[in-house]
Amino acid sequence: MATAAVLAFALDLVTGPSDLPVWDVVRGLFDGSALPAAQSFIVRDVRLPGALTAVLVGAALSLAGAEMQTILNNPLASPFTLGVSAAATLGAALAIALGVSIPGIGEAWLVSANAFLFAVGSVFLLQALARLRGRGPETLVLFGIALVFAFNALVGLIQFLSSQQALQQLVFWSLGSLGGANWTSVLLLSLAVALTFPFSYAARWRMTALSMGDERARSFGVAVGRLRFASLIRVSLLAAVAVAFAGTIGFVGLVGPHLARLIVGEDHRFLLPASALSGALVLSLASTASKTVVPGAIVPLGIVTALIGVPAFLALIVGRRERL
Amino acid sequence: MSAGSQGAAGLVVEGLTAGYGREDIIRDLTFGPFLEGEVTMLVGPNAAGKSTLLRALAGLVRATGSVRLDGAELTGLAPAKRARHASFMPQDLPGRVDLTALESVLSALMVTPDRSDDASVIRERALAALERLGIAGHALEPLGRLSGGQRQLVGLAQVLAREPRLILLDEPTSALDLRYQVIVMRLLRALAAEGRIVVGVLHDLTLAARWSDRIVLLDDGAIVASGPPDQTFTVERLRAVYGVESRVERCSEGTLQVLVDDAGELG
């Protein structure tokens with residue numbers, strides 16, 4: 001799977017609207033002066049950060065999805081199940097349509113920062129609500145769904161009130177895109193993945209135990225409530241960063257973990273790294289497809305991911321009925 | 001274990017009240033000591049509080065009162081510490097979890113690992129537990145491909161591998177055929193003989209009578225009777241608690257049998 005992910009990354013790197021020959025891309029990567037300045041810029045500051053962002057966003061969402069499916073004990077869960085993406089969209093909508101901003105954040109980062117803050121805020125809101133009634137998976141899902149509806153309604157309200165131009169911008173943002181990728185976003189995404197993955201991996205045995213049920217895990221000595229909360233924080237961080245830089249890209253967080261589970265099973269020693277890899281693979285392929293399906297244009301990534309992801313996901317469900 | 005600490009050896013429970021949400025299912029139970037080497041089975045009709053009592057002993061439900069093991073108080077211990085003393089086996093192990101039997105036993109050991117043990121020692125322990133239950137041949141098979149009975153044995157292997165002082169089992173034979181029922185009950189006796197305290201919930205009174213040292217008969221959240229099977233199972237008590245007409249007899253081998261003749265009227 002690692003090999004496949006690297007290959008997909010390479011494929012993503014050599015495709016793009018500017019039709020550079022493969023060899024030029026390779027030369028441009030390793031030798032900054034080998035190409036004319038414009039082409040060198042495309043390779044080093046457009047293609048490379050774009051492809052890396054695809055890898056990181058895919059890995060982040062898929063890893064978050066794997067954790068979410070375990071802590072909610074539900075194979076249909078994704079990082080977006082509990083309202084993280086809806087909250088991020090609300091944050092972005094506020095920034096785009098109404099210019100609501102956080103002091104001290106530059107214009108360029110406004111949308112991303114807002115999306116991030118709202119996504120993280122939604123998790124704390126969810127935890128506060130769940131604390132009222134215990135932290136079982138059912139309670140979390142019910143509150144999460146309520147939050148999704150509430151955020152969506154607010155986004156609808158903003159869309160209703162906003163100007164034509166802002167509306168268009170908002171729709172484009174919510175379709176998901178790697179167009180805004182640059183080295184800063186790569187750096188922040190890497191940081192988020194590098195910060196969360198060690199904690200995920202440290203919890204691998206507890207997560208495996210949790211996959212066999214709350215009671216069993218608790219009788220083995222797992223503090224299930226704490227494990228869930230810590231995992232939700234990781235999920236929200238990963239999902240919020242991914243959404244902030246790439247919009248709401250559907251299905252990676254759902255299909256990635258399932259692909260990984262098909263290959264390595266539920267043992268989180270293997271499932272967590274495999275999910276990150278499969279997510280990177282899926283999104284690199286989707287990114288490549290988004291640049292090649294319509295020649296000369298880039299179809300929004302969220303659309304491509306869903307169009308590829310839905311049939312793949314249906315095939316998984318049909319093929320593995322007994323697991324659901 | 002904690003020799004020298006004050007109080008009696010074994011499991012001693014005082015004033016235990018437990019339940020879910022705001023509702024108390026069992027109220028102010030006091031019993032014990034249950035000593036090492038002993039197998040105790042909790043019996044009673046549905047909703048008598050057997051499972052709640054078992055979960056309260058395991059620290060899995062809201063509970064007040066005192067649960068002492070060899071003089072050391074378990075109530076209020078952090079889950080990881082408590083799990084070193086007591087292991088609880090739920091009734092069923094979900095088959096849709098994509099783990100092999102061995103992986104599932106490994107995770108039972110690795111969630112609270114002993115720092116002194118390295119990976120190969122832990123793997124050996126997991127395999128030995130599966131071996132003892134006769135399912136080592138299925139170690140690398142996914143749980144989903146095992147039968148319900150085999151999965152129950154894997155669940156038991158998880159508990160076995162953890163080597164707890166107190167073993168708590170919810171219906172350990174519910175998915176097992178006749179042969180494995182006997183194999184598991186005999187194993188529980190052997191585990192007790194190795195110096196453990198075994199407490200379980202059983203529905204089958206004859207099975208409980210045959211293999212237990214002590215029966216705790218529960219009804220409506222309270223203990224009706226507690227003692228050796230032949231003193232606990234009486235026709236009058238079974239009528240009062242279960243609402244059945246029964247005979248409690250010894251078979252030609254001298255083993256106690258509970259025979260139910262009539263269920264009485266509904267309602």
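# Questions on a Predicted Two-Chain Model

Visitor: Which residue of β8(B) is the bridge partner of B:Leu168?

Guide: In this predicted model, the bridge partner of B:Leu168 in β8(B) is B:Val199.

Visitor: How do you know that strand β7 and strand β8 of chain B pair?

Guide: Pairing requires at least two bridges between two strands. Strand β7 (residues 166–170) and strand β8 (residues 197–201) of chain B share five bridges, in the parallel sense; the two strands therefore meet the requirement.

Visitor: Where do β7 and β8 stand in the sheet of chain B?

Guide: The open sheet of chain B has six strands in the order β6-β7-β8-β3-β9-β10, with mixed pairing.

Visitor: What makes β6 and β10 of chain B the edge strands?

Guide: Each of them, β6 (86–89) and β10 (222–227), pairs on one side only. Between neighbouring strands of this sheet the average turn is 15°, direction ignored.

Visitor: What kind of peptide bond joins B:Gly32 and B:Pro33?

Guide: The bond between B:Gly32 and B:Pro33 is cis, with omega about 0°. B:Pro33 belongs to strand β2 (residues 23–34) of chain B.

Visitor: Which residues have the most contacts inside the largest nonpolar core?

Guide: They are A:Ala60 and B:Val105, in a core of 178 residues. Helix α3 (residues 37–71) of chain A contributes the largest share of this core, 16 residues. Leaving aside residues up to four places away in sequence, B:Val105 touches several residues, among them B:Ala126, B:Leu130, B:Val154 and B:Ala161.

Visitor: How do you know whether the radius of gyration of chain A agrees or disagrees with that of a compact globule?

Guide: For 324 residues the rule gives a value near 20 Å; chain A has 20 Å, and therefore the two agree. The C-alpha trace of chain A spans about 65 × 45 × 35 Å along its principal axes, and 52% of the residues in chain A are buried. Of the contacts in chain A with a separation of 6 or more, 75% join residues 24 or more positions apart.

Visitor: How many helices and strands does chain A have?

Guide: Chain A has 14 helices and zero strands.

Visitor: Which helix of chain A gives the most to the side that touches chain B?

Guide: The contact takes 21 residues from chain A and 24 residues from chain B. Both α9 (204–211) and α10 (214–219) of chain A supply at least two residues to the side of chain A that touches chain B, and α9(A) gives the most, with five residues. The residues on that side of chain A divide into six nonpolar, six polar and nine charged.

Technical notes. Residues are numbered from 1 along each chain as its sequence is written. Chains are lettered from A and ligands numbered from 1 in the order in which they are written. This is a predicted model: local features need pLDDT of at least 70, side-chain atom pairs count only at pLDDT 80 or more; totals for chains, interfaces and linings use all residues. Helices (H or I, at least four residues) and strands (E, at least two) are DSSP runs, numbered from the N terminus. Axes are lines fitted to C-alpha atoms, for helices over the stretch in contact, and angles run from 0 to 180 degrees between N-to-C directions. A nonpolar core is a set of buried Ala, Val, Leu, Ile, Met, Phe, Trp, Tyr and Cys residues joined through C-beta atoms within 7 Å. A residue is buried if 20 or more other C-beta atoms lie within 10 Å of its own, exposed if 12 or fewer, and partly exposed in between; C-beta atoms are placed from the backbone. Two residues are in contact if their C-beta atoms, placed from the backbone, lie within 7 Å. The radius of gyration is taken over C-alpha atoms; the globule rule is 2.2 Å times the number of residues to the power 0.38. Ala, Val, Leu, Ile, Met, Phe, Trp, Tyr, Cys and Pro count as nonpolar, Asp, Glu, Lys and Arg as charged, and the others, Gly among them, as polar.
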